[in-house]
Amino acid sequence: MRIPYVKDPPPTSTPEDAAIVEAIRARRAPRPLQSLDLALLHSLPIASGWNSLLGAVRTRTSLGDDIRELAISRVAVCNRAWYEWAHHAPLAVKGGVSEAALEVVKQDQLGSRPAELSEKQWAVLLYTDEMTRNVQVTDETFDVLKSLFNDQEIVEITATVQ
């Protein structure tokens, strides 16, 4: 991290600020505040928005755990965010993704779909890769995604990758 973490407990000056910190603590419970929280808490409005978004992505979408965690894990690989990988790869396994499939996800470049990944999982990986590396997604990749997921799921996948 390139900025220092705020102290834990973070200092607050208003009841509204304290409520933001408590909302983040509640989402993390029973774990303590994480390093990411302690960096984001330099800006309480950003920390609050991030907490709300992450809470929605992690617990309130219609996506299966395998799809969500594969997308997050692939973003981690593309960005070389190994802290994120270390947290989300085990959640992908818990969600039903095999260790062999995770080895594919961990590769720098994706080749052709391996047997360890379903068509849906592979489509999400390709979409995630293009969003993360190129910002723009090809029509071909989006058409495959659209054939496998409904509009709500596509919005949720996109928000998860962002």
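Modeller: Let's start with a term: a helix here is a DSSP run of H or I that covers at least four residues, and a strand is a run of E with at least two, both numbered from the N terminus. With that in hand, the element order from the N terminus on reads α-α-α-α-α-α-α-α-α. The count is nine helices and zero strands. Do keep in mind that this is a predicted model.

Now the overall layout. The C-alpha trace spans about 55 × 30 × 30 Å along its principal axes. The protein has 162 residues, and 40% of them count as buried. Take the contacts between residues at least 6 apart in sequence: 54% of those join residues at least 24 apart. The protein is divided into domain 1 (15-60) and domain 2 (65-160), with their C-alpha centres 25 Å apart. Four residues from domain 1 and nine residues from domain 2 take part in the contact. Putting the two together buries about 530 Å², and carbon and sulfur atoms give 48% of that. On the domain 1 side, R31, V57 and R58 supply 74% of the area buried against domain 2, more than any other three residues. One salt bridge is counted between the domains. R58 turns up again here, as the side chains of E69 and R58 meet in a salt bridge at 3.5 Å, N to O.

On to the rings, then. The structure holds two aromatic pairs. One of them is W82 with W85: the ring centres are 6.3 Å apart and the planes sit at 75°, which is over the 60 degree cut-off, so this pair counts as edge-to-face. W82 and W85 are three residues apart in helix 5 (residues 82-94), so about one helical turn separates them. W82 comes out at 41% relative accessibility and counts as partly exposed, while W85 has 11%, which is under the 20% limit, so W85 counts as buried.

R80 is in the loop between helix 4 (65-78) and helix 5, and its phi is near 55°, a positive value in a residue other than glycine. At 54% relative accessibility, R80 counts as exposed.

Now for the other pair. Y127 and F142 are tilted, with 6.4 Å from centre to centre and 50° between the planes. This pair links distant parts of the chain: Y127 belongs to helix 7 (residues 119-134) and F142 to helix 8 (residues 139-148), 15 residues apart. Y127 has a relative accessible area of 5%, so it is buried. F142, at 31%, is partly exposed. In the loop between helix 7 and helix 8 you'll find V135, which has a positive phi of about 70° although it is not a glycine. V135 counts as exposed, at 67% relative accessibility.

L148 lies in helix 8 and has 18% relative accessibility, which is under 20%, so L148 counts as buried. Leaving aside its neighbours within four places in sequence, L148 is in contact with E119, K120 and A123. The C-alpha atoms of L148 and K120 are separated by 6.3 Å, although the two residues are 28 apart along the chain. K120 has a ring to look at as well: its charged end sits over the ring of F149, 5.0 Å from the ring centre.

A cis peptide bond joins D8 and P9, with omega about 15°, and P9 is in the segment before helix 1 (15-28). Another cis peptide bond joins A29 and P30, where omega is about 10°. P30 is found in the loop between helix 1 and helix 2 (35-40).

How values were computed:
Residues numbered from 1 in each chain as written. Predicted model: local features only at pLDDT ≥ 70, side-chain atom pairs only at ≥ 80, totals over all residues. Heavy atoms only, no water. Phe/Tyr/Trp six-rings, centres within 6.5 Å; stacked < 30°, edge-to-face > 60°. Buried < 20%, exposed > 50% of the residue type's maximum accessible area, 1.4 Å probe, protein only. Lys NZ or Arg CZ within 6 Å of the ring centre and 35° of its normal. Domains from an automatic or database assignment. Contact = heavy atoms within 4.5 Å. Buried area = accessible area lost by both parts, 1.4 Å probe. Salt bridge = Lys/Arg side-chain N within 4 Å of Asp/Glu carboxyl O.
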